[in-house]
Amino acid sequence: TLTQHIGLNQLLKEHAPDAFKELTMKSLFGRKVAIDASMCLYQYLIAVRQQDGQQLTSEDGETTSHLLGMFYRTIRMVENGLKPLYVFDGKPPVLKGGELEKRLLKRQEAEKQMAELKETGTAEELMKFEKRTVRASREQNAEAKKLLQLMGIPYVDAPSEAEAQCAELARSGKVFAAALEDMDTLCYEPKFLLRHLTVAEARKLPVDQIEFSEVLKGLDMDKLTFVDMCILLGCDYCETIKGVGPVTAYKLIKEHGSLDNIVEWIEKNPEKTKYKVPENWPYKEAKELFMNPELLNNDEVDVKWVEPNVDGLVEFMVKDKGFSEERIRSGAEKLKKSLKGGVQGRLDGFFTVVKLSPAKRKAEPKGKAGKKKAKK
């Protein structure tokens, strides 16, 4: 889906440039952020490697890349004053079955090619194929949850899609933003979407902040029409209409007003258009999943950051997983210090910034009386 995300990104930058802001991690000081845990674990399993390019493992051969990545990247965020809340995937929606099946077949094909490459391929070729086969296992997810609990960092088990739950937490104001790479997250209406947050510093990238209300304003669409356009661009739930790229998708939505109308127009005018709607295309079901996802109620989400359990961290990370005790204790100390120091909120949480119109500015009192009022 990378091409689809790039397509949506380009469309928004062209038609809704005011929705984008480039930030540093430091500028998010004091912000609570909901993060898709699966996305992070995938990134760490891919990126955290030994010098020979192999994943980190404990003495008994268990992969530990995900734990090292989760430990240090979380500490880095907390040191910058952020308050991360991780959200783990629940059961996938029924409609995703077909898409998941396709991904499984792709993964199996990549595993088969990897087995052949191990005999003849270069390290670079092996790495390329390994990226296609990587997926955090149930055990690795459980280990990540245990680590977060010991670190004093809250996490939530979503009933279904983690991205929908992250977006809901941001939409309702329980957190400031949803931090994910997937542009589809915008379909769930987060107030703000942050991209590159978990990799920004390591890859020297700015954090991209996208404001949902500005997206709709720039595109001149309501949420339902925006969701229609995203389905047309391609989403996790169903394939695309062949030959419809970002420019065409935007044009068709603007011309016909909705996906229902586009489908009807294509089916009624086969001689006037080269486009063909896929057989049994479940776009209506996809729309329903975006508009009414399965979510936890806000009162079911307990968001508390507490002091890390240093002894528990040493027991788990050092004795069980073979990490250096000195490094784990040092990391836990940084975490402890930052969690204590980061308790105060942001100033804009206490004050409302009021923009005065030029007329009001002129009407402000001048001279000594004005000064006294201002001082008071």
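How many aromatic pairs does the structure hold? The structure, a predicted model, holds 7 aromatic pairs. The protein chain has 376 residues, of which 48% count as buried, and its secondary structure comprises 16 helices and 7 strands. Of the contacts in the chain between residues at least 6 apart in sequence, 70% join residues at least 24 apart.

**Aromatic pairs and cluster**

- Tyr188 and Phe290 make up one of the aromatic pairs, with 5.3 Å from centre to centre and 55° between the planes, a tilted arrangement.
- Tyr188 is in the loop between strand S5 (177-179) and strand S6 (192-195), while Phe290 is in helix H12 (residues 283-291), so this pair ties together parts that are 102 residues apart in sequence.
- Both Tyr188 and Phe290 are buried.
- Trp281 and Tyr283 are both buried.
- Tyr188 and Phe290 also belong, with Tyr237, to one aromatic cluster.

**Charges over ring faces**

- Arg31 lies over the face of Phe176, at a distance of 3.9 Å from the ring centre.
- Lys83 lies over the face of Trp305, and here the distance from the ring centre is 5.6 Å.

**Helix packing: H11 with H12**

- Helix H11 (residues 259-268) packs with H12 at an angle of about 175°, and the two axes are 11 Å apart.
- This angle makes H11 roughly antiparallel to H12, because angles over 145 degrees count as such.
- On the H11 side the contact is made by Leu259, Asp260 and Val263, and on the H12 side by Tyr283, Lys284 and Lys287.
- By class, the residues of this contact are 3 nonpolar and 3 charged, with no polar ones.

**Helix packing: H6 with H13**

- Helix H6 (residues 138-151) and helix H13 (residues 310-320) have their axes 8 Å apart and pack at an angle of about 140°.
- H6 contributes Glu143, Lys146, Leu147, Leu150 and Met151 to the contact.
- H13 contributes Gly312, Leu313, Phe316, Met317 and Asp320.
- The contact of H6 with H13 divides into 6 nonpolar, 1 polar and 3 charged residues.

- Most residues other than glycine have a negative phi.
- Glu189 is not a glycine, yet its phi is positive, at about 65°.
- Glu189 is located in the loop between S5 and S6, the loop that also holds Tyr188.
- The relative accessibility of Glu189 is 27%, so Glu189 counts as partly exposed.
- His196, likewise a residue other than glycine, has a positive phi near 70°.
- His196 lies in the loop between S6 and strand S7 (207-211).
- At 17% relative accessibility His196 counts as buried, because the limit for that class is under 20%.

Notes
Residues numbered from 1 in each chain as written. Predicted model: local features only at pLDDT ≥ 70, side-chain atom pairs only at ≥ 80, totals over all residues. Heavy atoms only, no water. Phe/Tyr/Trp six-rings, centres within 6.5 Å; stacked < 30°, edge-to-face > 60°. Helix = DSSP H or I, 4+ residues; strand = E, 2+ residues; numbered from the N terminus. Buried < 20%, exposed > 50% of the residue type's maximum accessible area, 1.4 Å probe, protein only. Lys NZ or Arg CZ within 6 Å of the ring centre and 35° of its normal. Axes fitted to C-alpha atoms, helices over the stretch in contact; angles between N-to-C directions. Parallel < 35°, antiparallel > 145°, perpendicular 65-115°, else oblique. Contact = heavy atoms within 4.5 Å. Nonpolar A, V, L, I, M, F, W, Y, C, P; charged D, E, K, R; others polar.
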